[in-house]
Amino acid sequence: MTVLVAAQQTETPDTLPSRKARLAYREGLVASTAGVAPGFVQGNLAILPAEYAGAFHRFCQLNPKPCPIIGMSDVGSPFIPSLGADLDIRTDVPRYRVWRDGEVVDEPTDVTKHWRDDLVTFVLGCSFSFEEALLDEGMPIRHIEQNVRVPMYRTNIACGEAGPFAGPMVVSMRPFKPADAIRAVQITSRYPAVHGAPVHLGHPHLIGIKDIAKPDYGDPVPVADDEIPVFWACGVTPQSVINAAKLPFAITHSPGLMLVTDMKNRTMAVI
């Protein structure tokens, strides 16, 4: 205990693992953020023109499972001090997606040249936060073990509509043995701000997933014969919705390559 306290006392903003990760991405490192900066919250990005921000905010309120807001910028500002004093939305994500009329037109590692004075950034909670709690309970996370991106799928679960924003929920999947799946439900229920409990267990076809081996985003992972796939609402949902809405302009993160913040995962737990 003494050692832990001492480490906390000497920790400064410049030594935070989260800041070190952001600086690496700012310098051009492109890699999955799964397992990066343990203990710190990661977030999904949705960056939209201000004229759409009100409707998108309402969309998030109607769909808190896939779209839990943990941070929001002022109009035109690339900074959200509550998530990190030196955090710069334009440079600190490993890879971005730039959208025009619902299509991805660029996937840069820096969106400074695309930045506009009318943009509003939404940062949404990410399941990587509750993965830490699962790992602390000794539960294996397949995509972390295999050093790949979590598999994500578009479903037939309809989201609540707001303005131009409508479409299906995207889910992320982790395989567990049935007993561990029950425990995963219990653990992740404590984290509603980062997607909370699963939305579906087993039988992928019931939520519109035709082939578990072919995710729409991320990478496939094997599901053993004695395991079931467990599905959580995913913050990539806005990308599916932006595609359907065909907004004239938007920026998101590349799936699996998140914004690492200075918020602590433990602050996301409600129990």
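The structure is a predicted model, in which local features need pLDDT of at least 70 and side-chain atom pairs count only at pLDDT 80 or more, whereas totals for chains, interfaces and linings use all residues. Residues are numbered from 1 along each chain as its sequence is written, and side-chain values use heavy atoms, with hydrogens and water left out. Helices (H or I, at least four residues) and strands (E, at least two) are DSSP runs, numbered from the N terminus.

Strand 5, which spans residues 119–125, has 7 of its 7 residues buried and is therefore largely enclosed by the rest of the structure; buried here means under 20% relative accessible area, exposed over 50% and partly exposed in between, for a 1.4 Å probe and protein chains only. Two strands are taken to pair if DSSP finds at least two bridges between them. On this criterion, strand 1 (residues 40–49) pairs with strand 5 in the antiparallel sense over 7 bridges, and G43 has G125 of strand 5 as its bridge partner. Strand 2 (residues 69–72) also runs antiparallel to strand 5, to which it is joined by 3 bridges, with G71 standing opposite V123 of strand 5.

A further set of strands, 4 in number, forms an open sheet in the order 6-7-9-8 with antiparallel pairing. The edges of this sheet are strand 6 (152–158) and strand 8 (200–201), each of which pairs on one side only. Within the sheet, strand 7 (residues 168–176) and strand 9 (residues 228–233) run antiparallel and are joined by 6 bridges, where M173 has F231 of strand 9 as its bridge partner.

Helix 7 (residues 237–245) lies across strand 6 and strand 7 and runs at about 150° to strand 7; axes are lines fitted to C-alpha atoms, for helices over the stretch in contact, and angles run from 0 to 180 degrees between N-to-C directions. The buried residues of helix 7 include T237, P238, Q239, S240, V241 and I242. Helix 7 is followed by K246, which lies in the loop between helix 7 and strand 10 (250–253) and has a positive phi of about 55° although it is not a glycine. K246 counts as partly exposed, at 48% relative accessibility.

The axes of helix 4 (residues 128–136) and helix 6 (residues 178–188) come within 10 Å and cross at roughly 125°, which makes helix 4 oblique to helix 6; angles under 35 degrees count as roughly parallel, over 145 as roughly antiparallel, 65 to 115 as roughly perpendicular and the rest as oblique. The contact (heavy atoms within 4.5 Å) is made by F130, A133 and L134 of helix 4 together with A184, I187 and T188 of helix 6. By class, this contact of helix 4 with helix 6 has 5 nonpolar residues, 1 polar residue and no charged residues.

Most residues other than glycine have a negative phi. A37 is not a glycine, yet has a positive phi of about 50°; A37 is found in the loop between helix 2 (17–26) and strand 1 and is buried, with a relative accessible area of 6%. I271, in the segment after strand 11 (259–264), is exposed, with a relative accessible area of 74%. The C-alpha atoms of I271 and S189 are 9.2 Å apart in space, while the two residues are 82 residues apart in sequence.

Methods:
Nonpolar A, V, L, I, M, F, W, Y, C, P; charged D, E, K, R; others polar.
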